Amino acid sequence: MDNNQNIETEKVHKRRVRYKGTHPRTYAEKYKEQQPEKYADTIEKVIRKGSTPAGMHISICVKEILEFLQIKPGQKGLDATLGYGGHTSKMLECLEGNGHVYGLDIDPIEIEKTKKRLADKGFGDNIFTAINTNFANIDEVAKKAGKFDFVLADLGVSSMQIDNPERGFSYKTDGPLDLRLNPDKGESAAERLMQLEEAEIEGMLVENADEPYAAELANAIVMERKKGNTIDTTKKLYRIIEDTIQNVVKKEKGCKDQSEDVKMIIKKTAQRTFQAIRIDVNSEFEVLDAFLEKLPGVLKTGGRVAILTFHSGEDRMVKKAFKRHLKAGEYSDIAKDVIRPSKEECYQNSRARSTKMRWAVKS
(Lines give C-alpha, C1' and ligand atoms only; values in the text may rest on other atoms or scores of the structure.)
Protein backbone atom coordinates (compact mmCIF):
# COMPACT_ATOMS: atom_id res chain seq x y z
CA MET A 1 0.00 0.00 0.00
CA ASP A 2 1.46 3.40 -0.99
CA ASN A 3 1.52 6.54 1.18
CA ASN A 4 -1.59 8.05 -0.44
CA GLN A 5 -3.61 4.94 0.39
CA ASN A 6 -2.37 5.07 4.00
CA ILE A 7 -3.54 8.67 4.30
CA GLU A 8 -6.98 7.82 2.91
CA THR A 9 -7.33 4.89 5.32
CA GLU A 10 -6.49 7.12 8.30
CA LYS A 11 -9.20 9.57 7.22
CA VAL A 12 -11.83 6.84 6.87
CA HIS A 13 -11.06 5.24 10.23
CA LYS A 14 -10.92 8.43 12.31
CA ARG A 15 -12.41 7.54 15.70
CA ARG A 16 -15.29 9.50 17.18
CA VAL A 17 -14.90 11.40 20.45
CA ARG A 18 -15.11 9.18 23.54
CA TYR A 19 -16.47 10.29 26.90
CA LYS A 20 -17.00 8.87 30.37
CA GLY A 21 -20.46 7.93 31.59
CA THR A 22 -23.70 7.84 29.61
CA HIS A 23 -23.73 11.48 28.45
CA PRO A 24 -21.04 13.88 27.19
CA ARG A 25 -20.14 16.57 29.71
CA THR A 26 -17.30 18.69 28.35
CA TYR A 27 -17.56 20.99 25.33
CA ALA A 28 -15.22 18.82 23.25
CA GLU A 29 -17.24 15.67 23.97
CA LYS A 30 -20.49 17.19 22.68
CA TYR A 31 -19.59 16.55 19.05
CA LYS A 32 -23.18 15.74 18.07
CA GLU A 33 -24.47 19.07 19.39
CA GLN A 34 -21.82 20.87 17.36
CA GLN A 35 -23.04 19.27 14.13
CA PRO A 36 -26.74 20.28 13.99
CA GLU A 37 -27.06 19.48 10.29
CA LYS A 38 -26.00 15.88 10.96
CA TYR A 39 -27.59 15.20 14.36
CA ALA A 40 -30.93 17.05 14.25
CA ASP A 41 -32.55 14.62 16.73
CA THR A 42 -29.90 15.33 19.36
CA ILE A 43 -30.32 19.10 18.90
CA GLU A 44 -34.09 18.80 19.30
CA LYS A 45 -33.75 16.79 22.53
CA VAL A 46 -31.32 19.32 24.06
CA ILE A 47 -33.54 22.30 23.19
CA ARG A 48 -36.65 20.47 24.43
CA LYS A 49 -34.98 20.13 27.84
CA GLY A 50 -34.54 23.91 28.00
CA SER A 51 -30.82 23.92 27.21
CA THR A 52 -28.74 25.44 24.41
CA PRO A 53 -26.78 22.89 22.37
CA ALA A 54 -22.99 23.33 22.54
CA GLY A 55 -21.71 25.45 19.68
CA MET A 56 -25.16 26.89 18.97
CA HIS A 57 -27.04 30.03 19.91
CA ILE A 58 -30.82 30.18 20.22
CA SER A 59 -32.13 33.56 19.07
CA ILE A 60 -34.28 35.48 21.53
CA CYS A 61 -37.47 37.53 20.91
CA VAL A 62 -37.56 36.60 17.22
CA LYS A 63 -41.36 37.00 17.01
CA GLU A 64 -41.33 40.35 18.81
CA ILE A 65 -38.45 41.67 16.69
CA LEU A 66 -40.05 40.73 13.37
CA GLU A 67 -43.43 42.12 14.42
CA PHE A 68 -41.83 45.48 15.17
CA LEU A 69 -39.37 45.74 12.26
CA GLN A 70 -42.11 44.98 9.68
CA ILE A 71 -39.54 43.88 7.06
CA LYS A 72 -40.73 43.98 3.46
CA PRO A 73 -39.20 42.58 0.24
CA GLY A 74 -36.81 45.03 -1.38
CA GLN A 75 -35.64 46.62 1.88
CA LYS A 76 -32.09 46.96 3.17
CA GLY A 77 -31.27 45.94 6.72
CA LEU A 78 -28.42 45.63 9.21
CA ASP A 79 -27.83 43.02 11.88
CA ALA A 80 -25.24 44.91 13.94
CA THR A 81 -24.38 41.82 15.99
CA LEU A 82 -24.45 38.84 13.63
CA GLY A 83 -23.48 36.08 16.07
CA TYR A 84 -24.88 32.66 15.12
CA GLY A 85 -27.07 34.25 12.45
CA GLY A 86 -30.43 33.16 13.83
CA HIS A 87 -32.01 36.62 13.75
CA THR A 88 -30.35 37.34 10.40
CA SER A 89 -31.77 34.19 8.85
CA LYS A 90 -35.33 35.15 9.85
CA MET A 91 -34.89 38.69 8.55
CA LEU A 92 -33.56 37.36 5.25
CA GLU A 93 -36.60 35.11 4.91
CA CYS A 94 -38.83 38.20 5.18
CA LEU A 95 -37.09 39.72 2.14
CA GLU A 96 -38.28 36.80 -0.02
CA GLY A 97 -35.15 36.97 -2.18
CA ASN A 98 -35.44 40.70 -2.86
CA GLY A 99 -33.34 43.12 -0.79
CA HIS A 100 -30.16 42.87 1.28
CA VAL A 101 -29.02 42.35 4.86
CA TYR A 102 -25.57 43.31 6.17
CA GLY A 103 -24.26 41.45 9.23
CA LEU A 104 -21.50 42.81 11.47
CA ASP A 105 -19.41 40.82 13.93
CA ILE A 106 -16.14 41.64 15.64
CA ASP A 107 -15.40 37.94 16.21
CA PRO A 108 -13.23 36.68 13.31
CA ILE A 109 -13.76 33.05 14.31
CA GLU A 110 -17.56 32.95 14.47
CA ILE A 111 -18.27 35.26 11.52
CA GLU A 112 -16.80 32.78 9.03
CA LYS A 113 -18.85 29.93 10.48
CA THR A 114 -22.03 31.99 10.32
CA LYS A 115 -21.37 33.17 6.77
CA LYS A 116 -21.11 29.52 5.65
CA ARG A 117 -24.16 28.56 7.71
CA LEU A 118 -26.29 31.20 5.99
CA ALA A 119 -24.86 30.38 2.54
CA ASP A 120 -25.85 26.74 3.08
CA LYS A 121 -29.43 27.97 3.66
CA GLY A 122 -29.36 29.72 0.29
CA PHE A 123 -28.48 33.24 1.46
CA GLY A 124 -25.54 34.07 -0.80
CA ASP A 125 -23.66 37.28 -1.60
CA ASN A 126 -26.58 38.56 -3.68
CA ILE A 127 -28.71 39.05 -0.56
CA PHE A 128 -26.32 38.90 2.42
CA THR A 129 -22.97 40.51 3.26
CA ALA A 130 -20.93 39.68 6.38
CA ILE A 131 -18.46 42.32 7.62
CA ASN A 132 -15.83 41.65 10.30
CA THR A 133 -16.01 44.93 12.20
CA ASN A 134 -17.18 46.42 15.47
CA PHE A 135 -20.74 47.72 15.45
CA ALA A 136 -19.43 51.09 16.59
CA ASN A 137 -18.40 51.50 12.95
CA ILE A 138 -21.95 51.54 11.53
CA ASP A 139 -21.35 54.98 10.02
CA GLU A 140 -18.49 53.59 7.91
CA VAL A 141 -20.67 50.65 6.85
CA ALA A 142 -23.52 53.01 5.87
CA LYS A 143 -21.17 55.13 3.75
CA LYS A 144 -20.68 52.13 1.47
CA ALA A 145 -24.03 50.35 1.84
CA GLY A 146 -26.34 53.35 2.13
CA LYS A 147 -28.91 53.99 4.86
CA PHE A 148 -31.01 51.17 6.29
CA ASP A 149 -34.72 50.43 6.52
CA PHE A 150 -34.21 48.33 9.63
CA VAL A 151 -31.47 47.67 12.18
CA LEU A 152 -31.16 45.04 14.91
CA ALA A 153 -28.60 44.88 17.71
CA ASP A 154 -28.55 41.90 20.09
CA LEU A 155 -26.10 42.95 22.80
CA GLY A 156 -25.79 39.53 24.43
CA VAL A 157 -22.66 37.41 24.13
CA SER A 158 -23.37 34.43 21.88
CA SER A 159 -23.71 30.98 23.42
CA MET A 160 -20.97 29.70 21.09
CA GLN A 161 -18.53 32.01 22.85
CA ILE A 162 -19.82 31.32 26.36
CA ASP A 163 -19.79 27.54 25.99
CA ASN A 164 -16.35 27.22 24.38
CA PRO A 165 -13.81 26.94 27.25
CA GLU A 166 -11.02 28.13 24.95
CA ARG A 167 -12.63 31.60 24.88
CA GLY A 168 -12.66 31.97 28.68
CA PHE A 169 -16.12 33.56 28.98
CA SER A 170 -17.55 31.25 31.65
CA TYR A 171 -16.52 30.32 35.18
CA LYS A 172 -18.25 26.95 34.79
CA THR A 173 -15.45 25.38 32.74
CA ASP A 174 -11.69 25.77 33.05
CA GLY A 175 -9.91 27.62 30.29
CA PRO A 176 -7.66 30.60 29.63
CA LEU A 177 -8.98 33.81 31.19
CA ASP A 178 -9.40 35.66 27.90
CA LEU A 179 -12.93 37.10 27.45
CA ARG A 180 -12.06 39.00 24.24
CA LEU A 181 -14.73 39.05 21.55
CA ASN A 182 -11.86 39.36 19.08
CA PRO A 183 -9.06 37.14 20.44
CA ASP A 184 -6.62 38.59 17.90
CA LYS A 185 -6.71 42.13 19.29
CA GLY A 186 -6.28 43.91 22.60
CA GLU A 187 -5.44 42.60 26.06
CA SER A 188 -6.92 39.47 27.58
CA ALA A 189 -8.75 39.51 30.91
CA ALA A 190 -5.72 37.87 32.54
CA GLU A 191 -3.48 40.69 31.31
CA ARG A 192 -5.93 43.35 32.47
CA LEU A 193 -6.17 41.91 35.99
CA MET A 194 -2.38 41.91 36.31
CA GLN A 195 -2.18 45.62 35.40
CA LEU A 196 -5.11 47.35 37.12
CA GLU A 197 -4.71 48.97 40.52
CA GLU A 198 -6.96 47.82 43.37
CA ALA A 199 -9.15 50.95 43.15
CA GLU A 200 -9.51 50.46 39.39
CA ILE A 201 -10.63 46.84 39.81
CA GLU A 202 -13.16 47.87 42.45
CA GLY A 203 -14.50 50.65 40.21
CA MET A 204 -14.77 48.27 37.26
CA LEU A 205 -16.82 45.77 39.29
CA VAL A 206 -19.16 48.48 40.58
CA GLU A 207 -19.63 50.38 37.31
CA ASN A 208 -19.97 47.35 35.04
CA ALA A 209 -21.96 44.98 37.25
CA ASP A 210 -23.13 46.75 40.45
CA GLU A 211 -21.09 44.20 42.40
CA PRO A 212 -21.76 44.53 46.17
CA TYR A 213 -18.51 42.77 47.12
CA ALA A 214 -16.34 44.82 44.75
CA ALA A 215 -13.94 46.10 47.43
CA GLU A 216 -13.33 42.65 48.91
CA LEU A 217 -12.82 41.03 45.50
CA ALA A 218 -10.46 43.77 44.32
CA ASN A 219 -8.37 43.35 47.46
CA ALA A 220 -8.30 39.56 47.07
CA ILE A 221 -7.13 39.82 43.44
CA VAL A 222 -4.33 42.23 44.35
CA MET A 223 -3.27 40.05 47.31
CA GLU A 224 -3.07 37.05 44.97
CA ARG A 225 -0.79 39.05 42.68
CA LYS A 226 1.43 40.07 45.59
CA LYS A 227 1.96 36.38 46.36
CA GLY A 228 3.46 36.06 42.89
CA ASN A 229 0.52 34.08 41.54
CA THR A 230 -0.97 34.61 38.09
CA ILE A 231 -4.72 34.72 37.50
CA ASP A 232 -4.65 33.34 33.99
CA THR A 233 -7.46 30.74 33.98
CA THR A 234 -11.19 30.93 34.62
CA LYS A 235 -10.96 28.50 37.55
CA LYS A 236 -8.21 30.51 39.26
CA LEU A 237 -10.42 33.59 39.19
CA TYR A 238 -13.43 31.56 40.31
CA ARG A 239 -11.49 30.17 43.30
CA ILE A 240 -10.61 33.72 44.37
CA ILE A 241 -14.29 34.68 44.15
CA GLU A 242 -15.34 31.54 46.05
CA ASP A 243 -12.82 32.00 48.86
CA THR A 244 -13.57 35.72 49.20
CA ILE A 245 -17.33 35.28 49.41
CA GLN A 246 -17.08 32.42 51.87
CA ASN A 247 -14.93 34.55 54.19
CA VAL A 248 -17.08 37.67 53.87
CA VAL A 249 -20.47 35.98 54.20
CA LYS A 250 -19.34 33.93 57.21
CA LYS A 251 -18.42 37.16 58.99
CA GLU A 252 -21.60 38.97 57.91
CA LYS A 253 -24.21 36.26 58.36
CA GLY A 254 -22.53 33.40 60.14
CA CYS A 255 -23.39 31.02 57.28
CA LYS A 256 -21.55 27.75 56.86
CA ASP A 257 -19.10 27.46 53.93
CA GLN A 258 -21.26 25.11 51.85
CA SER A 259 -24.74 26.36 52.76
CA GLU A 260 -27.15 26.88 49.87
CA ASP A 261 -27.25 30.61 50.60
CA VAL A 262 -23.48 30.92 50.26
CA LYS A 263 -23.43 28.82 47.08
CA MET A 264 -26.03 31.10 45.49
CA ILE A 265 -24.13 34.25 46.49
CA ILE A 266 -20.93 32.79 45.01
CA LYS A 267 -22.74 31.94 41.77
CA LYS A 268 -24.26 35.43 41.40
CA THR A 269 -20.96 37.09 42.30
CA ALA A 270 -19.08 35.00 39.74
CA GLN A 271 -21.63 35.92 37.04
CA ARG A 272 -21.32 39.63 37.83
CA THR A 273 -17.52 39.53 38.07
CA PHE A 274 -17.03 37.79 34.73
CA GLN A 275 -19.56 40.18 33.18
CA ALA A 276 -17.75 43.24 34.56
CA ILE A 277 -14.34 42.07 33.33
CA ARG A 278 -15.73 41.15 29.89
CA ILE A 279 -17.26 44.62 29.54
CA ASP A 280 -13.93 46.20 30.48
CA VAL A 281 -11.81 44.02 28.19
CA ASN A 282 -14.02 44.73 25.17
CA SER A 283 -14.79 48.39 26.03
CA GLU A 284 -18.43 47.44 25.63
CA PHE A 285 -19.98 50.58 27.13
CA GLU A 286 -17.81 52.87 25.00
CA VAL A 287 -18.65 50.85 21.90
CA LEU A 288 -22.38 50.88 22.70
CA ASP A 289 -22.31 54.64 23.30
CA ALA A 290 -20.68 55.22 19.89
CA PHE A 291 -23.25 52.92 18.22
CA LEU A 292 -26.22 54.67 19.84
CA GLU A 293 -24.96 58.14 18.87
CA LYS A 294 -24.39 57.15 15.22
CA LEU A 295 -27.59 55.11 14.91
CA PRO A 296 -30.06 57.83 13.80
CA GLY A 297 -27.67 58.84 11.02
CA VAL A 298 -27.69 55.40 9.37
CA LEU A 299 -31.48 54.98 9.29
CA LYS A 300 -33.77 56.04 6.45
CA THR A 301 -36.80 58.17 7.25
CA GLY A 302 -39.25 55.79 8.93
CA GLY A 303 -36.45 53.30 9.51
CA ARG A 304 -36.83 51.03 12.54
CA VAL A 305 -34.32 49.81 15.10
CA ALA A 306 -34.70 47.13 17.79
CA ILE A 307 -32.12 46.53 20.52
CA LEU A 308 -31.91 43.60 22.93
CA THR A 309 -30.10 44.21 26.23
CA PHE A 310 -29.16 41.75 28.96
CA HIS A 311 -28.21 43.79 32.00
CA SER A 312 -29.27 47.06 33.63
CA GLY A 313 -26.22 49.07 32.51
CA GLU A 314 -26.90 48.41 28.82
CA ASP A 315 -30.63 49.04 29.17
CA ARG A 316 -30.07 52.39 30.89
CA MET A 317 -27.78 53.52 28.08
CA VAL A 318 -30.26 52.52 25.35
CA LYS A 319 -33.20 54.11 27.18
CA LYS A 320 -31.38 57.42 27.73
CA ALA A 321 -30.04 57.57 24.17
CA PHE A 322 -33.46 56.91 22.66
CA LYS A 323 -35.04 59.62 24.85
CA ARG A 324 -32.29 62.09 23.98
CA HIS A 325 -32.63 61.53 20.23
CA LEU A 326 -36.44 61.68 20.48
CA LYS A 327 -36.20 65.06 22.19
CA ALA A 328 -33.78 66.22 19.46
CA GLY A 329 -36.35 65.24 16.83
CA GLU A 330 -34.24 62.45 15.31
CA TYR A 331 -36.74 59.75 16.35
CA SER A 332 -40.48 60.08 15.83
CA ASP A 333 -41.32 57.41 18.39
CA ILE A 334 -39.60 55.16 20.94
CA ALA A 335 -40.67 52.28 23.18
CA LYS A 336 -42.34 53.59 26.34
CA ASP A 337 -41.77 50.29 28.14
CA VAL A 338 -39.44 47.36 27.59
CA ILE A 339 -40.64 44.27 25.76
CA ARG A 340 -39.72 40.97 27.37
CA PRO A 341 -39.67 37.39 26.05
CA SER A 342 -42.73 35.29 26.79
CA LYS A 343 -42.83 32.88 29.74
CA GLU A 344 -42.81 30.01 27.25
CA GLU A 345 -39.61 31.28 25.62
CA CYS A 346 -37.89 31.78 28.98
CA TYR A 347 -38.83 28.24 29.95
CA GLN A 348 -37.39 26.85 26.72
CA ASN A 349 -34.29 29.06 26.83
CA SER A 350 -33.10 30.10 30.29
CA ARG A 351 -30.68 32.62 28.75
CA ALA A 352 -33.69 34.69 27.63
CA ARG A 353 -34.81 35.56 31.15
CA SER A 354 -32.83 38.78 31.54
CA THR A 355 -33.62 40.07 28.03
CA LYS A 356 -35.17 43.49 27.46
CA MET A 357 -36.10 44.86 24.05
CA ARG A 358 -36.40 48.55 23.20
CA TRP A 359 -37.21 50.12 19.84
CA ALA A 360 -37.19 53.43 18.01
CA VAL A 361 -38.45 54.84 14.69
CA LYS A 362 -36.47 57.39 12.65
CA SER A 363 -38.28 60.66 12.02
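This report describes selected features of a predicted protein model.

## Basis of the report

The structure is a predicted model, in which local features need pLDDT of at least 70 and side-chain atom pairs count only at pLDDT 80 or more, while totals for chains, interfaces and linings use all residues. Residues are numbered from 1 along each chain as its sequence is written, and side-chain values use heavy atoms, with hydrogens and water left out.

Helices (DSSP runs of H or I, at least four residues) and strands (runs of E, at least two) are numbered from the N terminus. Helix α12 covers residues 260–281, which is 22 residues. From its first C-alpha to its last, α12 reaches 32 Å, close to the 32 Å expected at 1.5 Å a residue. The expected span is 1.5 Å times one less than the number of residues in the helix.

Helix α4 has the buried residues His87, Thr88, Ser89, Met91, Leu92 and Leu95. Here, buried means under 20% relative accessible area, exposed means over 50%, and partly exposed lies in between, with a 1.4 Å probe and protein chains only. After α4 comes Glu96, whose phi is positive, near 55°.

## Positive phi in the loops

Which residue just after α12 takes a positive phi? This residue is Ser283, with a value of about 50°. Ser283 belongs to the loop between α12 and α13, and its relative accessibility of 33% makes it partly exposed.

Leu179 also has a positive phi, of about 70°, although it is not a glycine. Leu179 is located in the loop between α7 and α8 (189–195). With a relative accessible area of 0%, Leu179 is buried.

## Cysteines

A disulfide is a covalent bond between the sulfur atoms of two cysteines. The rule applied here asks for a pair of cysteine sulfur atoms within 2.5 Å, and by this rule the count is zero.

Cys61 is buried, at a relative accessible area of 0%, whereas Cys94 is partly exposed, at 24%.

## Aromatic rings

A pair of aromatic rings is described by the distance of the centres and the angle of the planes. Rings of Phe, Tyr and Trp (its six-membered ring) pair if their centres lie within 6.5 Å; planes under 30 degrees apart count as stacked, over 60 as edge-to-face and the rest as tilted. The whole structure holds six aromatic pairs. In one of them, Tyr102 and Phe148 have ring centres 6.0 Å apart and planes at 70°, so the pair is edge-to-face. This pair joins distant parts of the chain, as Tyr102 is in strand β2 (residues 100–104) and Phe148 is in strand β4 (residues 148–154), 46 residues apart. Tyr102 and Phe148 are both buried.

Phe135 and Phe291 form a stacked pair, with 4.6 Å from centre to centre and 15° between the planes. Phe135 is in the loop between β3 (128–131) and α6 (138–145), and Phe291 is in helix α13 (residues 284–298), so that this pair links parts of the chain 156 residues apart. Phe135 and Phe291 are buried.

## Charges over rings

A charge sits over a ring if NZ of Lys or CZ of Arg is within 6 Å of the ring centre and within 35 degrees of the ring normal. The charged end of Arg117 is placed in this way over the ring of Tyr84, 3.6 Å from its centre. Likewise, the charged end of Arg304 sits over the ring of Phe68, 4.9 Å from its centre.

## The cavity

On a 1 Å grid over the protein atoms alone, a cavity is a set of points where a 1.4 Å probe fits but cannot get out, and lining residues have an atom within 4 Å of a point. Grid points are joined across faces, edges and corners, and a volume is the space filled by probe spheres set on the points. The structure has one cavity of 30 Å³ or more. The largest cavity holds about 510 Å³ of space. It is lined by 32 residues, and the closest to its centre are Thr81, Asp154, Leu155, Gly156 and Leu181.

Helices α4 (86–95), α7 (159–163) and α13 each supply at least two lining residues of the largest cavity. The largest share, three residues, comes from α13.

Key. On a 1 Å grid over the protein atoms alone, a cavity is a set of points where a 1.4 Å probe fits but cannot get out, and a pocket is an open set with protein on both sides within 12 Å along at least five of seven lines; lining residues have an atom within 4 Å of a point.
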